[in-house]
Amino acid sequence: MAAEKTPVAVIGGIAINANGVARFTGDIDATIPGADLDLRALVRTLKAHAIVPRMPKAIEFARENQVLLLKHVATGIELDLSLAWIPFELEAIERAKSMPFGTTRIRAARPEDLVIYKLIASRPRDLPDVESLLLLHRERIDLSRVRRVLRQLAEHLDGKNRLTVLNELVATLPVVARARRRSRGP
């Protein structure tokens with residue numbers, strides 16, 4: 001598979017922004033299918049665009065940790081390129097949509113896939129992103145798909161029940177939405 005033809009999806013804070021949620025991020029998180037990926041060819045292609053590994057032995061690190069750590073030379077912006085292997089990750093890449101971002105277009109993960117990614121990561125900064133995505137896109141997010149994927153991945157996670165977290169967030173959304181409307185006035 002040629003590196004320049006490989007599908008990719010932006011999955012982190014940039015994708016959150018592109019999907020309408022304003023929040024600061026200082027890096028770019030993206031994902032690319034790992035199967036049949038020639039990492040050396042990909043690194044050569046990216047170097048031609050001034051995107052270089054940000055550590056020695058980056059390819060070996062990527063093979064072991066499933067993430068290629070890069071940076072854009074001119075700006076110093078870091079890029080974490082996750083190697084996708086599991087069906088959910090591959091579906092998220094396939095389902096990604098092209099959308100405007102600044103003066104360019106990016107292929108960003110859809111809101112429900114971002115909810116899944118954020119619940120899987122389950123860091124303190126991820127839950128506000130999930131809440132904001134649910135508030136903004138609740139009518140369009142396929143919660144049954146989100147729940148199904150979380151159930152499928154549950155046995156591989158660290159014991160935290162992401163489905164419970166999702167259900168608690170969904171249950172509180174109407175209260176949160178009313179409180180936010182009140183704080184802005186009539």
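## Close-up views of a predicted model

**View A. Lys57 is exposed, with a relative accessible area of 64%.** Exposed means over 50% relative accessible area, buried means under 20%, and partly exposed lies in between (1.4 Å probe, protein chains only). This is a predicted model, in which local features need pLDDT of at least 70, side-chain atom pairs count only at pLDDT 80 or more, and totals for chains, interfaces and linings use all residues. Residues are numbered from 1 along each chain as its sequence is written, and side-chain values use heavy atoms, leaving out hydrogens and water. You will find Lys57 in the loop between strand 3 (51–53) and helix 3. Helices (H or I, at least four residues) and strands (E, at least two) are DSSP runs, numbered from the N terminus. The phi of Lys57 is near 55°, a positive value in a residue other than glycine.

**View B. Asp36 sits in the loop between strand 2 (27–33) and helix 2.** Is Asp36 buried or exposed? Because its relative accessibility is 65%, Asp36 counts as exposed. Look at its backbone too: phi of Asp36 is near 60°, which is positive although the residue is not glycine.

**View C. Helix 2 (residues 39–47) and helix 3 (residues 58–65) cross at roughly 130°, with axes that come within 10 Å.** The axes are lines fitted to C-alpha atoms, for helices over the stretch in contact, and angles run from 0 to 180 degrees between N-to-C directions. That angle makes helix 2 oblique to helix 3. Under 35 degrees counts as roughly parallel, over 145 as roughly antiparallel, 65 to 115 as roughly perpendicular, and the rest as oblique. Which residues meet here? Leu39, Arg40 and Val43 of helix 2 meet Ile59, Glu60, Ala62 and Arg63 of helix 3 (contact means heavy atoms within 4.5 Å). Sorted by class, the residues of this contact are four nonpolar, no polar and three charged. Ala, Val, Leu, Ile, Met, Phe, Trp, Tyr, Cys and Pro count as nonpolar, Asp, Glu, Lys and Arg as charged, and the others, Gly among them, as polar.

**View D. The axes of helix 4 and helix 7 come within 11 Å and cross at roughly 150°.** Helix 4 is therefore roughly antiparallel to helix 7. From helix 4, Phe88, Glu91 and Arg95 meet Arg145, Val149 and Leu153 of helix 7. The contact of helix 4 with helix 7 has three nonpolar, no polar and three charged residues.

**View E. Helix 5 (residues 111–121) is largely enclosed by the rest of the structure, because nine of its eleven residues are buried.** The buried residues of helix 5 are Pro111, Glu112, Asp113, Leu114, Val115, Ile116, Tyr117, Lys118 and Leu119. Take Val115 as an example from helix 5. Val115 has a relative accessible area of 0%, so it counts as buried. Which residues does Val115 touch, not counting residues up to four places away in sequence? Val115 touches Val130, Leu133, Leu134, Ile141, Val146 and Leu166. Val115 and Ile141 are 26 residues apart along the chain, and their C-alpha atoms are separated by 9.1 Å.

**View F. The largest nonpolar core has 36 residues.** A nonpolar core is a set of buried Ala, Val, Leu, Ile, Met, Phe, Trp, Tyr and Cys residues joined through side-chain atoms within 4.5 Å. Phe88, Ile106, Val115, Leu134, Val146, Leu150 and Leu166 touch the most other members. Elements that give two or more residues to this core include strand 1 (9–10), strand 7 (104–108), helix 6 (126–137) and helix 8 (162–184). Apart from it lies another core, of 16 residues, among them Ala58, Leu70, Leu79 and Leu81. Setting aside residues up to four places away in sequence, Leu150 touches Ile116, Leu119, Ile120, Arg162, Leu163 and Leu166.

**View G. Val10 lies in strand 1.** With a relative accessible area of 12%, Val10 is buried. How far apart in space are Val10 and Asp29, C-alpha to C-alpha? They are 5.9 Å apart, while 19 residues separate them in sequence. Beyond four places in sequence, Val10 touches Ala15, Asp29, Ala30, Ile106, Arg107, Ala108 and Ala109.

**View H. Stepping back, the protein has eight helices and seven strands.** Of its 186 residues, 42% are buried. Among contacts between residues at least 6 apart in sequence, 57% join residues at least 24 apart.
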